[in-house]
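Try each task before reading its solution.

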Amino acid sequence: MGDYHFVYKDLEGASTQWDDIQRKLGNLPPKPPAFKPPSFTPAPDESSAPKDKSWIDNKTEDELEDLQDDPDLDDDRFLEDYRKKRLAEMREAAKVAKFGSVIPITGSDFVREVSQAPSDVWVVVILYKEGIPECTLLMRCLEELATKYPATKFVKIISTDCIPNYPDRNLPTLIVYNNGAVKANHVGIHSFGRRCTPEGVALVLCNSDPVLNDGLSGSDPSSKAVIDGVRRSFLEKVVKAHEDDDDGFSSD
């Protein structure tokens with residue numbers, strides 16, 4: 001009858017006193033760390049999250065529309081009304097934010113972007129060339145106005161791309177369009193006063209027509225209403241500048 005022997009294995013990670021002594025002497029490799037399974041974290045259940053105003057605010061427009069058939073909201077009149085209000089606000093904001101910057105165009109784009117613009121959109125075109133300081137100054141003013149009045153379309157085009165052989169001495173030139181027709185033409189930086197500022201440019205643009213539109217004027221889009229708003233903005237800027245100067249003086 002053959003000889004049999006058994007090899008007993010202890011739990012993984014367990015060690016005998018003899019093994020510990022041998023490890024101290026360097027006769028055995030270091031003891032491997034005991035196996036530890038990763039902790040389990042269940043995935044968040046969105047359906048169990050509390051449904052409040054912040055829950056509605058974090059939804060996109062498409063998600064808000066999908067919530068129209070949510071049975072949970074049917075039982076909460078406040079959340080359903082708030083959902084509708086929030087959706088209306090997002091749609092209104094999307095309508096207002098049509099442009100918001102000075103859009104570069106080429107000669108081939110001009111008819112589509114300017115002449116064929118919707119009749120309720122005013123278009124301000126700047127003819128310019130790189131490297132002319134007056135063009136750079138006016139462009140900065142237009143960039144600020146484009147941000148403040150996103151329902152007005154501002155475009156920029158290299159002068160000779162728009163009008164061949166257009167003289168540099170006439171730059172920068174602003175042309176105002178509405179409903180496919182030229183409404184105003186301002187040649188040279190001197191058209192906007194001794195100091196070319198966003199407020200000064202705004203006042204010139206709205207001298208006879210309500211060119212600038214922030215999309216929030218409601219039922220009063222008249223040039224007088226826009227000019228009054230520009231003057232208020234200018235006064236607020238002057239007051240803030242004086243307050244900043246006073247703060248700087250008092251800290252010295």
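Keep in mind throughout that this is a predicted model.

**Exercise 1. Aromatic pairs**

Find how many aromatic pairs there are, and classify the geometry.

*Solution.* Start with the count, which comes to 1 aromatic pair. The partners are Phe110 and Tyr177, with ring centres 5.7 Å apart. Next, look at the planes: they meet at 75°, and because an angle over 60 degrees counts as edge-to-face, this pair is edge-to-face. Now place the partners: Phe110 belongs to helix α6 (residues 110-115), while Tyr177 sits in strand β4 (residues 173-178). The pair therefore ties together parts that are 67 residues apart in sequence. Finally, check the surroundings, using the cut-off of under 20% for buried. Phe110 is buried at 12% relative accessibility, and Tyr177 is buried at 11%.

**Exercise 2. A covered helix**

Decide whether helix α9 (residues 198-205) is mostly covered or mostly open, and list its buried residues.

*Solution.* First, go along the helix and pick out the buried positions: Pro198, Glu199, Gly200, Val201, Ala202 and Leu205. Then set them against the length of α9: 6 of its 8 residues are buried.

Key
Residues are numbered from 1 along each chain as its sequence is written. This is a predicted model: local features need pLDDT of at least 70, side-chain atom pairs count only at pLDDT 80 or more; totals for chains, interfaces and linings use all residues. Side-chain values use heavy atoms; hydrogens and water are left out. Buried means under 20% relative accessible area, exposed over 50%, partly exposed in between (1.4 Å probe, protein chains only). Helices (H or I, at least four residues) and strands (E, at least two) are DSSP runs, numbered from the N terminus. Rings of Phe, Tyr and Trp (its six-membered ring) pair if their centres lie within 6.5 Å; planes under 30 degrees apart count as stacked, over 60 as edge-to-face and the rest as tilted.
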